[in-house]
Amino acid sequence: MRAVVKSKPAPGVEFAEVPKPKIAPDEVLIEVKAAAICGSDLGIYDYTPAYSKMRLPVVMGHEFSGRIVEAGPQVKGYAVGDRVLAESVKACGACAYCRSGQENLCDASTLFGIHVDGGMAEYIAVPYKLLHRLPEELSYEAGALIEPLSNALHFVKDCTPIRLGDLAVVQGCGPIGLFSAQLFRLAGAEVMVTGVNVDTERFKIAEGLGFETVNVEREDLAKIVTERTGGRGADIAFVATGAPPAVAQATQIVKKRGRVTVIGIFGRPVEVPMTQVVRREITLSGAYDAKPENFDQSISLARSGAVKVETLITHRLPLEKASEAFEAAKSRVGCKVVFIPQLR
Ligand SMILES: [Zn+2]
Ligand SMILES: [Zn+2]
């Protein structure tokens with residue numbers, strides 16, 4: 001079958017012909033209809049140190065949807081023909097975190113597109129326990145974006161306390177930033193979305209969604225927030241970028257006792273003005289991945305239209321155009337870049 005493969009411990013990905021997967025008794029074979037590129041896939045593309053322990057070669061992709069074409073004898077609740085999407089991480093189910101409902105912190109998790117073959121291919125084998133049904137109202141392309149929306153939902157709903165009328169500054173206007181901004185707004189916050197010069201296209205999407213945007217390379221974010229809040233500062237800063245200066249900026253723009261949630265993945269240690277955090281009693285915390293329940297909640301938010309999903313898609317490309325697709329995502333001329341395996 002046709003697939004996007006990471007085969008060498010060096011930058012790049014390639015289009016390749018690989019064997020069609022064989023399913024285990026508890027797995028289904030999914031004919032992939034859409035598979036999106038995630039920010040973390042760009043780290044794999046560049047082969048940054050965070051991914052040096054990945055399996056090679058591997059079929060990439062953990063954000064996908066499709067139709068079941070084969071089901072093993074132990075599969076329950078799903079059948080051939082069902083439209084589905086899957087969680088991206090297989091938690092071990094046995095560690096202390098898994099056993100206390102915190103599967104996103106599992107000590108021994110397996111990730112599609114890193115440890116096992118992923119969804120940027122014509123077919124993928126998936127354990128049925130990771131599946132979620134894709135409602136008829138949602139397209140396969142929207143289905144592929146439920147995984148990143150589930151992440152954003154966990155970061156915002158589970159990890160960032162919000163009150164009606166809060167000012168939330170979302171730093172970064174990539175897919176997670178734009179999903180999170182929509183969720184903060186749904187939760188009753190006033191939202192500002194920031195970016196840099198290279199984010200021109202993403203700013204357009206953010207503005208199309210009705211958000212006020214701030215280009216931090218051209219405007220003084222701290223001054224804007226100070227003026228907006230009568231000198232007090234934002235209630236929440238949400239760091240949805242891997243740009244190191246954003247963390248220090250977050251601690252400067254929140255009010256005393258304000259909250260900073262960091263979800264960016266950084267290539268190196270980041271400097272934080274800790275004395276500011278201490279004296280101003282700022283809460284600084286991380287948030288990672290999603291819980292299984294976040295998937296069904298995200299499907300519901302997408303189906304009702306409360307969160308706009310497909311608006312984030314800027315590119316739809318065949319698997320053959322792997323390098324072009326990754327370059328579009330990396331250069332940020334695109335927001336969400338999606339492979340459609342049926343395209344040639
Ligand atoms: Zn992802
Ligand atoms: Zn576990």
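Biologist: Is Leu 145 buried or exposed?
Modeller: Leu 145 counts as buried, because it has 29 C-beta neighbours inside 10 Å. Buried takes 20 or more other C-beta atoms within 10 Å of a residue's own, exposed takes 12 or fewer, and partly exposed lies in between, with C-beta atoms placed from the backbone. Please keep in mind that this is a predicted model, where local features need pLDDT of at least 70 and side-chain atom pairs count only at pLDDT 80 or more, while totals for chains, interfaces and linings use all residues. Residues are numbered from 1 along each chain as its sequence is written, and chains are lettered from A and ligands numbered from 1 in the order in which they are written.

Biologist: Where is Leu 145 found?
Modeller: Look in the loop between helix H2 (140-144) and H3. Helices (H or I, at least four residues) and strands (E, at least two) are DSSP runs, numbered from the N terminus.

Biologist: And which residues is Leu 145 in contact with, leaving aside neighbours within four places in sequence?
Modeller: Those are Ala 36, Glu 63, Val 309, Leu 312 and Lys 336. Contact here means that the C-beta atoms of two residues, placed from the backbone, lie within 7 Å.

Biologist: New topic: at what angle do H3 and H9 pack?
Modeller: Helix H3 (residues 146-158) meets helix H9 (residues 292-304) at about 105°, and their axes are 8 Å apart. The axes are lines fitted to C-alpha atoms, for helices over the stretch in contact, with angles from 0 to 180 degrees between N-to-C directions. So H3 is roughly perpendicular to H9. That label covers 65 to 115 degrees; under 35 is roughly parallel, over 145 roughly antiparallel, and the rest oblique.

Biologist: Which residues make that contact?
Modeller: H3 brings Ile 146, Leu 149, Ser 150, Leu 153 and His 154, and H9 brings Asn 294, Phe 295, Gln 297, Ser 298, Ile 299 and Ala 302. By class, the H3 contact with H9 has six nonpolar, five polar and no charged residues. Nonpolar means Ala, Val, Leu, Ile, Met, Phe, Trp, Tyr, Cys and Pro, charged means Asp, Glu, Lys and Arg, and the others, Gly among them, are polar.

Biologist: What about domains, which ones does the assignment give?
Modeller: The protein chain has domain 1 (2-148 + 290-339) and domain 2 (160-286), with bounds that come from an automatic or database domain assignment. Their centres, taken over C-alpha atoms, are separated by 28 Å. Domain 1 puts 16 residues into the contact and domain 2 puts in 17 residues. On the domain 1 side, the largest share, three residues, comes from helix H1 (residues 39-46).

Biologist: Which residues other than glycine have a positive phi?
Modeller: Tyr 47 is one of them, with phi near 55°. Tyr 47 sits in the loop between H1 and E4, and counts as partly exposed because it has 18 C-beta neighbours inside 10 Å. Another is Asp 289, with phi near 60°, in the loop between strand E16 (283-286) and H9. Asp 289 is buried, with 22 other C-beta atoms within 10 Å.

Biologist: Where is the cis peptide bond?
Modeller: It joins Leu 56 and Pro 57, with omega about -5°. Pro 57 is in the loop between H1 and strand E4 (58-59).

Biologist: Last one: how many helices and strands are there?
Modeller: The protein chain comes to ten helices and 18 strands. Of its 344 residues, 47% count as buried.
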